[in-house]
Amino acid sequence: MDKSKFGLLGNIKYPQDLRKLTVDQLSEVCKELREDIIEEVSVNPGHFASSLGVVELTVALHYVFNTPEDRIVWDVGHQAYGHKILTGRRDVFCTNRKLHGVRPFPSPLESEYDTFTCGHASNSISAALGMAVAAKKMGIDNRHVVAVIGDGAMSGGLAFEGLNNVSSTPNDLLIILNDNDMSIDRAVGGMEKYLLNLDTNATYNKLRFKASQWLNRKGYLNEERRKGIIRLNNALKSALSHQQNIFEGLNIRYFGPFDGNDIQEVVRLLRQLKDMRGPKLLHLHTVKGKGYEPAEKSATVWHAPGKFDPETGERLISDCADEPMKYQDVFGETLLELARKNNKVYGVTPAMPSGCSMNILSKEMPDRMFDVGIAEGHAVTFSGGMAKDGLIPFCNIYSSFAQRAYDNIIHDLAILNLPVVLCLDRAGLVGEDGPTHHGVFDMAALRPIPNLTIASPMNEHELRKLMFTAQLPDKGLFVIRYPRGKGVLKDWKCELEEMPVGKGRKLRNGHQVAVLTIGPMGNDAVEAINRVMAAYPNASIAHYDMRFLKPLDEDLLQEVAELKCPIVTVEDGIRTGGMGSAVMEWMADHGYTPRIVRLGVPDSFVEHGEVDELKALCGLDIGSIVAEISGLLQQEETIN
């Protein structure tokens, strides 16, 4: 890719280079930055439309504020590709999301310009407020802190908790609401436009600040009176503009909405708001996918489109006709099948209807699916309320996002053992999205909770049968975890039949080594055992698919214990506290002391990369499983 063609962008390595330009040159910088993102993502897939929509805002932020000394806290970091390119990573951006390359989301572990972890939504306001308070307490009075929230993140409960604290804690925080979910409202009248311009006028705000200082010195303006004046100001604005919003109700000064894709306007606004005292919110309307017509027309498809031709907009989709279907699509089709047969079955998802394929249900039965927005805790408790009064909700949440609903699972579902089917998509290592998105903690986190059934299917048939079983009477709270990506069976359809809860299955007889697996890792173990058998034809290796983490199949474990041979456990979750730990606990509790080798994700955060690369890093690839089994066989032969 020819980087030299970018005249202005080519000379910008860090924001201080950007700040040497005139305001009139910024439009060209935005054009070149947008072109760079388009070219990069077309060949190295990643998040696309969101970053295009905030190009002007990104350039304006780094132009007006003294980053990294000033703090910009991004929310849902897939908006931040332009930010990465402007902050020293342009030459290596081609490694974005690749193993050992640029991280998929901003991280302080990578750059001082990345102020906080931002893989999950809605945390920017809370984190930025903490930084603003820290600056004040440490006497750093000239530091500015900005939270950039958008792409639906304002629907998350944490955002509202942060706003509530912002309204009651002394701070000068600037919150920028990047609103890309609607078109710009009707043209405002002369008085409304005048008020908006007045509010962001430097002279007006200077006079306003001096007046507040004078009132403070005279003892006329304590904190309560200050808030009262803000409320009066907000009330007058609401009356004259015929509009009201939640931010003004929280005594946070509100400015907007403005066109967030107008670089001159955004720079003007940021300059005027930069040194304004007290918390304030700038509402910008942006177009998701701005500057690339296919993305503007279909922002959902172009959120993460894969490879595409930047000239024609044609997505380069491989022919998957002869390949297994994705687990998420098997889930979606099966959910629709169950809903047709059982009028109590409903779907609930926190803002991921297409990501988890629940849109298959909503397309045919729109009244049977609820998208509750980016609100995982609410999704769980909402499902609990439905279940309490007779419905059977299938609540589908990505495994890593379900971490945000841990208390809701315990308090609102498990205590009453409500019949909610909690489906954890993207369980295990997810690949290029990295440590914020790997679904590796669910088994260890959920296993200690009473009243839970926890299962993981080895293939698509098992997934369908588990889903059918979970919606039958008296099954209580039922967790089904399954991975991202394609399954293993071309013919994914099978008869729906009940599966005995807490019962695994023996896939292979043997007595020298026993391999215990749960979920899709069982397929890798099958291949590993076949390779070992090719090298050691006389070996005797048993293989058991546990299916259920909770309750464990105690009859199966008794059979394994009586083999008196080494055991290898294989799982795609964190090794500490997972399935291997459960097996060790059972053996110890029942007086057995076999040698147990636990294969799983180590006690560290796994970076980003292709799933096979990450499995190798974790010692979970087929070669590593082969090595462990072979080593145990050799030891057994030596001993015997």
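Me: What conventions apply to the model, and from which number are residues counted along each chain?
Reply: The model is predicted, with local features needing pLDDT of at least 70 and side-chain atom pairs counting only at pLDDT 80 or more, whereas totals for chains, interfaces and linings use all residues. Side-chain values use heavy atoms, with hydrogens and water left out, and residues along each chain, as its sequence is written, are numbered from 1.

Me: What percentage of the residues of the protein count as buried?
Reply: The protein has 25 helices and 17 strands, where helices (H or I, at least four residues) and strands (E, at least two) are DSSP runs numbered from the N terminus. Buried means under 20% relative accessible area, exposed over 50% and partly exposed in between, with a 1.4 Å probe and protein chains only. Of the 640 residues, the share that counts as buried is 56%.

Me: Which strands stand at the edges of the open sheet of 7 strands?
Reply: The sheet has mixed pairing and the order β7-β6-β8-β9-β11-β10-β15, two strands being paired if DSSP finds at least two bridges between them. One side of each edge strand is left without a neighbour in the sheet because each has a single partner strand, and these edge strands are β7 (369-371) and β15 (548-550).

Me: Which residue of β8 is the bridge partner of Gly-347?
Reply: Strand β6 (residues 345-349) and strand β8 (residues 392-398) run parallel and are joined by 4 bridges. In β8, the partner of Gly-347 is Phe-394.

Me: Which residue of β3 is the bridge partner of Ala-147?
Reply: On one pairing of β2, 4 bridges join it to β1, and the two run parallel, with Trp-74 standing opposite Val-148. Strand β2 is also joined to β3 by 5 bridges, again in a parallel run. In β3, the partner of Ala-147 is Ile-175.

Me: Which residues does Gly-150 touch, not counting residues up to four places away in sequence?
Reply: Gly-150 lies in strand β2 and counts as buried, at 2% relative accessibility. Contact means heavy atoms within 4.5 Å, and with residues up to four places away in sequence not counted, Gly-150 touches Val-76, Gln-79 and Asn-178.

Me: Against which elements do the buried residues of α6 pack?
Reply: Helix α6 (residues 124-137) has 14 residues and reaches 20 Å from its first C-alpha to its last. Its buried residues include Ile-125, Leu-129 and Met-131. The buried residues of α6 pack against β1 (71-74), β2 (145-150), α7 (157-168) and β3 (174-179).

Me: At what angle do helix α4 and helix α5 pack?
Reply: Two packed helices are described by the angle between their axes and the distance between the axes. Axes are lines fitted to C-alpha atoms, for helices over the stretch in contact, and angles run from 0 to 180 degrees between N-to-C directions. The axes of α4 (residues 55-64) and α5 (residues 81-89) are 9 Å apart, and the helices pack at an angle of about 40°.

Methods:
The expected span of a helix is 1.5 Å times one less than its number of residues.
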